[in-house]
Amino acid sequence: MAGPRLQKLKSLFTLGKTRRAVALGFKTLWLHRMRSFLTMLGIVFGVCSVVAMLAVGEGAGFEAQEQIRRLGSQNIILRSIKPTDTERISTEQSRISEYGLRYDDVKRIQDTIPSVKVLAPGRIIRNHVWNATRRVDAEIIGVVPWYPEVRKLRVTEGRFFTPVEYEGYVNLCVIGMTVADHLFPFSSPLGRNVRIGTDYYKVVGVVEPEASSGGTNGSSGEGQAAGNSMANDYAPRVYIPLTAARNRFGETLIRQRQGSFEAERVELHEAIVQVDRLEDVEETALVIDSILSSQRRSKDYEMVVPLELLRQAERTKQIFNTVLGAIAAISLLVGGIGIMNIMLASVTERTREIGIRRALGAKKRDIIVQFLIETVILSGTGGLIGVIIGVVIPIAISHFAEMKTIVTPWAPMLAFSISGFVGIVFGIYPALRAANMDPVEALRHE
Amino acid sequence: MNGRSIVALRQVTKTYHMGESELHALRDIDLEINEGEYVAIMGPSGCGKSTLLNVLGCLDRPTRGAYLLGGRDVSTLSDDDLSDIRGSQLGFIFQSYNLIQQLNVLENIQVPLYYQGRGTAESRSVAHALAERVGLGQRIHHKPMELSGGQQQRVGIARALVNDPLLLLADEPTGNLDSASGVEILGLFDELRANGKTIIMVTHDPDIGHRADRIVRLRDGHIEEDVRNGRA
């Protein structure tokens with residue numbers, strides 16, 4: 001008759017027993033609060049450093065990956081660079097250097113590689129952009145109508161130019177936010193005209209800042225200032241149809257430099273190749289490289305494959321996480337050893353209490369549970385405090401240092417459960433030692 | 001008194017191995033104690049009193065021989081079973097009180113029940129009643145450090161009674177007390193005896209011994225004398 005009810009009562013009692021054991025654990029630790037607190041510190045620092053460092057690392061990694069991702073993981077970016085000066089033959093003061101990607105290159109790539117979906121060639125010219133007396137030193141980028149799509153550029157106001165306008169060499173432009181803010185601080189730029197050189201361009205749209213394409217800037221000195229389209233995220237930019245750019249600016253750019261004139265003839269400054277499928281990106285990059293290099297004597301272009309950068313960033317992050325994991329493991333190990341040390345001292349100190357409890361009916365198991373609960377409380381509370389501090393620190397860092405940090409939910413959970421685990425692992429030995437004492441000896445202990 | 005047998009020792013021997021030599025703490029002890037008896041165990045130090053008490057208290061197992069507690073042979077039980085017996089059938093009263101410092105009076109009294117897994121509400125009321133009975137009803141929330149020796153020993157007695165034990169084992173319960181407190185504690189033992197508790201008390205004080213019904217004298221590990229006092 002009493003079967004299930006008895007079972008229920010029994011489980012209730014054991015529940016009550018555990019609850020009281022936990023309460024007793026807190027009480028005992030509170031009795032030596034200074035010692036308990038100091039013991040906990042090891043775990044606190046271990047857990048908090050793990051959570052905080054992971055958050056900072058995650059944030060940094062995220063930013064890098066986000067930047068790369070915005071370049072488009074299906075894209076291959078080709079950029080003209082001035083070849084290193086070993087081939088400079090003339091010592092004349094003024095000369096024309098001719099290098100870079102050409103329209104034939106683009107056409108060849110387009111025609112020979114089937115996996116290429118879209119190709120977006122572009123020219124970059126540095127010039128002043130004027131609105132009446134307001135002036136911005138900007139990069140004038142001659143592009144194709146599908147450029148925003150390839151480059152994942154978002155038009156925030158107005159529109160990009162159409163293929164018809166492109167084919168018609170129309171003087172239109174789409175300006176970046178920075179330029180818009182500078183030239184038209186008080187009104188919408190749409191429908192207004194800006195002057196570049198001697199020509200006027202009608203503003204039809206505004207785009208958000210474009211991602212930079214990674215750390216290759218300035219690879220061949222100042223000679224490629226114009227090709228340096230990735231100076232920073234918020235470089236002022238003006239987009240005009242490539243046809244118009246070719247028409248108005250020609251292919252030879254003259255720049256004054258240290259008292260000498262330097263002229264460059266560059267057909268295209270960059271070309272973005274979008275590959276059909278992600279799996280083909282790397283292979284396509286190799287093919288493009290071989291096609292291009294077979295056509296030229298010196299390497300006057302560079303290739304950026306965001307997918308490769310992304311993979312590299314992921315690998316870096318993995319290494320970072322491994323190192324972090326090792327540091328975390330070591331610090332938690334040290335914390336755990338600290339706890340074990342104190343618990344061993346505590347067991348010795350409380351030998352008599354153990355004897356009393358054994359005499360009053362405590363089984364070995366009860367003693368083990370009592371001491372294990374104490375270590376788990378120590379490490380668990382330490383872990384909890386550590387998690388709290390570890391979550392607050394990244395928030396503070398983000399707030400004061402303007403660095404992106406990301407606290408992923410699994411990091412605190414992982415750190416906390418590891419601290420609990422450490423408590424159990426390092427608590428078992430002292431607890432077993434306590435439980436295996438001879439009650440008679442323990443009672444006699446002074 | 002001739003109630004049922006509470007303790008029956010049959011040829012109990014306890015031998016300690018100290019390296020090469022053997023120490024015979026108890027040699028072939030035969031002892032019968034019935035319900036309601038108040039027995040004093042006396043003898044010079046080193047005679048085996050403590051060893052006998054440890055065996056009787058199920059803290060130690062005899063090397064040879066049988067120990068029947070309340071008719072059940074406990075000499076071969078496992079460690080866990082012995083813990084159960086200590087918690088449910090025995091009440092210990094120690095010379096140095098042996099209260100747990102971080103617990104208050106009420107909690108100290110409840111410790112044996114706690115290990116029996118008995119509910120809090122029930123054990124609280126039992127412990128409270130016992131605190132009242134030993135005259136500490138006003139001090140149930142005090143910690144042991146805040147009590148006098150006599151009061152601590154009262155808590156010890158209350159704790160020994162909380163599981164309504166078959167047998168009370170007292171080891172020099174007045175050894176650490178001044179004579180006035182000692183007399184009060186002994187008065188409590190008399191009261192318990194009058195209520196029919198079976199008590200075994202180790203003492204070396206003849207005056208205390210004479211308050212018991214029966215004196216068992218040990219010497220060199222065997223029973224030298226087993227006499228009944230004229231009273232009762």
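# Notebook: a predicted two-chain model

**P121(A) and its surroundings.** I started with P121(A): setting aside neighbours within four places in sequence, I found P121(A) in contact with V106(A), V144(A), L242(A), L268(A) and A271(A). "In contact" means that the C-beta atoms of two residues, placed from the backbone, lie within 7 Å. Before going on, I noted that this is a predicted model, where local features need pLDDT of at least 70 and side-chain atom pairs count only at pLDDT 80 or more, while totals for chains, interfaces and linings use all residues. Residues are numbered from 1 along each chain as its sequence is written, and chains are lettered from A and ligands numbered from 1 in the order in which they are written.

Where does P121(A) lie? I found P121(A) in strand β3 (residues 116-131) of chain A. Helices (H or I, at least four residues) and strands (E, at least two) are DSSP runs, numbered from the N terminus.

Is P121(A) buried or exposed? P121(A) is buried, because 25 other C-beta atoms lie within 10 Å. The cut-offs I used: buried is 20 or more other C-beta atoms within 10 Å of the residue's own, exposed is 12 or fewer, and partly exposed is in between, with C-beta atoms placed from the backbone. I also checked V144(A): its C-alpha atom is 6.9 Å from that of P121(A), and the two residues are 23 apart along the chain.

**Chain A overall.** I zoomed out and got 13 helices and 13 strands for chain A. Of its 446 residues, 41% are buried. Among the contacts in chain A with a separation of 6 or more, 82% are between residues 24 or more positions apart.

**Helices packing on α12(A).** I looked up α2 (residues 33-71) and α12 (residues 410-435) of chain A: their axes come within 9 Å and cross at roughly 155 degrees. That is why α2(A) is roughly antiparallel to α12(A). Axes are lines fitted to C-alpha atoms, for helices over the stretch in contact, and angles run from 0 to 180 degrees between N-to-C directions. Angles under 35 degrees count as roughly parallel, over 145 as roughly antiparallel, 65 to 115 as roughly perpendicular and the rest as oblique.

The crossing of α2(A) and α12(A) is right-handed. Right-handed means that the near helix is turned clockwise from the far one by less than a right angle, left-handed anticlockwise. Which residues of α2(A) make the contact? They are I43(A), V47(A), V50(A), V51(A), L54(A) and A55(A), and they meet A411(A), P412(A), A415(A), F416(A), S419(A) and V422(A) of α12(A). I sorted this contact by class and got eleven nonpolar, one polar and no charged residues. For the classes, Ala, Val, Leu, Ile, Met, Phe, Trp, Tyr, Cys and Pro count as nonpolar, Asp, Glu, Lys and Arg as charged, and the others, Gly among them, as polar.

Next came α11 (residues 364-401) of chain A, whose axis comes within 7 Å of that of α12(A), crossing at roughly 155 degrees. So α11(A) is roughly antiparallel to α12(A). Their crossing is right-handed. The contact of α11(A) with α12(A) holds 21 nonpolar, eleven polar and one charged residue.

**Sheets in chain B.** I traced an open sheet of six strands in chain B, in the order β6-β7-β8-β3-β9-β10, with mixed pairing. Two strands pair if DSSP finds at least two bridges between them. Its edge strands are β6 (90-93) and β10 of chain B, each pairing on one side only. Ignoring direction, neighbouring strands here are turned by 20 degrees against each other on average.

Inside this sheet, β3 (residues 38-42) and β8 (residues 199-202) of chain B run parallel, joined by four bridges. V39(B) stands opposite I200(B) in β8(B). Meanwhile β9 (residues 214-219) and β10 (residues 222-228) of chain B run antiparallel, with six bridges. In their hairpin, with two residues between the strands, D220(B) takes a positive phi near 50 degrees.

I also found an open sheet of four strands, β2-β1-β4-β5 (chain B), with antiparallel pairing.

**Where the chains touch.** How many residues of chain B are in contact with chain A? I got 23 residues of chain B, against 20 residues of chain A. On the chain B side, α2 (79-89) and α3 (105-115) of chain B are the elements that give two or more residues. The largest share, seven residues, comes from α2(B).
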